[in-house]
Amino acid sequence: MSRSPRTLRRRTALFALPAAALLALVPGTASAYPNPGRVTGDVVTHDPSMIRTSSGQYLLYATGGGIASKTSGDRTAFRNGSDAFTSRPSWWKNYSSVPEAWAPDISYHGGTYLMYYSVSKFGSNTSAIGLATSSTGQPGSWTDQGTVHTSNSAADFNAIDPNLFVDDDGKWWLSFGSWWTGIKMIRIDPSTGKQLSSHTARYSLASRPTGTKAVEAPFIVKRGGYYYLFASYDTCCAGTGSTYKVKVGRASSVTGPYRDKNGVDLMNNGGTPVLESHGSVIGPGGQSILKDADGDLIVYHYYDGNDNGTPKLGINPLNWSSGWPVAY
């Protein structure tokens, strides 16, 4: 979710579509972008991050209040839950006059659910990334672990929109950021969930040195030997005036350089489109990727042009047969 100086389910049968049909969906044209898969119930959301628990429950957390939650048993019908936190951590007030958290990132490692999230004043880079842990992942069960990384008005980056990536060799990495100088990454200590004290470098992954600075909300996955960095570009949070879109680049190293399909570095305005506005689907972004039993899903919000720009939940499967993610 942008803090700039501005303010499904498709049925399983879709995964059986022939490769030729999928490759016909060429990013860059309006016809290439699918409508969100069917979801019902409580679908108003922003910056969703979703996980499937061992019991088969889909657990989604999103921007709002003390971090909003939803659950689903079938990935189609969603029901609102309570806030992640029964009481909001006192340190939040150091970064925002509104005790609200943004853009959570939920994952499960070593028997513990982890949730990274951000607290900030809108339009400010006086910001903090926090961490909470839980044995169940359920609302009300989270224990806040304090701040992980912070930024202030003198910094050239913004400590928001976190995403944890765990590599095949067991190294933990946290990407984050928006506007200013773009997407950053730090090493994380798996024993604490905080920054690794012996490796304090801050890497730069994506930036827009010319024009708007709007690149944010990173999410990294590894597929087929490449690291893929998804990010949201342009303007969110403006209802039907939003111009958000999702782009991707890939790299052979987790720290980059990430390049798009045309070989343009994401540090130099690169990015291959994955989702853009089309029809009544306005400004898709704030994305996360869920590896489910039937394949990868991109989970995101969009502003509904048929409902006064209300932010809604979008879920679409991804096909990787071309070496690049294609939503369908």
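This is a predicted model: local features need pLDDT of at least 70, side-chain atom pairs count only at pLDDT 80 or more; totals for chains, interfaces and linings use all residues.
Local features need pLDDT of at least 70, side-chain atom pairs count only at pLDDT 80 or more, and totals for chains, interfaces and linings use all residues. Residues are numbered from 1 along each chain as its sequence is written, and side-chain values use heavy atoms, without hydrogens and water.

Q: Why is Gly-41 called exposed?
A: Exposed means over 50% relative accessible area, buried under 20%, and partly exposed in between (1.4 Å probe, protein chains only). Gly-41 has 60% relative accessibility, so it counts as exposed. Gly-41 sits in strand β1 (residues 40-41). A strand is a DSSP run of E, at least two residues, numbered from the N terminus.

Q: What makes strand β16 largely enclosed?
A: Six of the seven residues of β16 (residues 245-251) are buried, so the rest of the structure largely encloses this strand.

Q: How do you know that β15 and β16 pair?
A: Two strands pair if DSSP finds at least two bridges between them. Strand β15 (residues 226-233) and β16 have seven bridges, in the antiparallel sense. Tyr-233 stands opposite Lys-245 of β16.

Q: What joins β16 to β17?
A: Three bridges join β16 to strand β17 (residues 272-275), and the two run antiparallel. Val-246 has Leu-275 in β17 as its bridge partner.

Q: Which residues lie nearest the centre of the largest cavity?
A: A cavity is a set of points on a 1 Å grid over the protein atoms alone where a 1.4 Å probe fits but cannot get out; lining residues have an atom within 4 Å of a point. The largest cavity has 16 lining residues, with Ala-103, Pro-104, Pro-162, Pro-218 and Gln-287 nearest its centre.

Conventions:
Helices (H or I, at least four residues) and strands (E, at least two) are DSSP runs, numbered from the N terminus. On a 1 Å grid over the protein atoms alone, a cavity is a set of points where a 1.4 Å probe fits but cannot get out, and a pocket is an open set with protein on both sides within 12 Å along at least five of seven lines; lining residues have an atom within 4 Å of a point.
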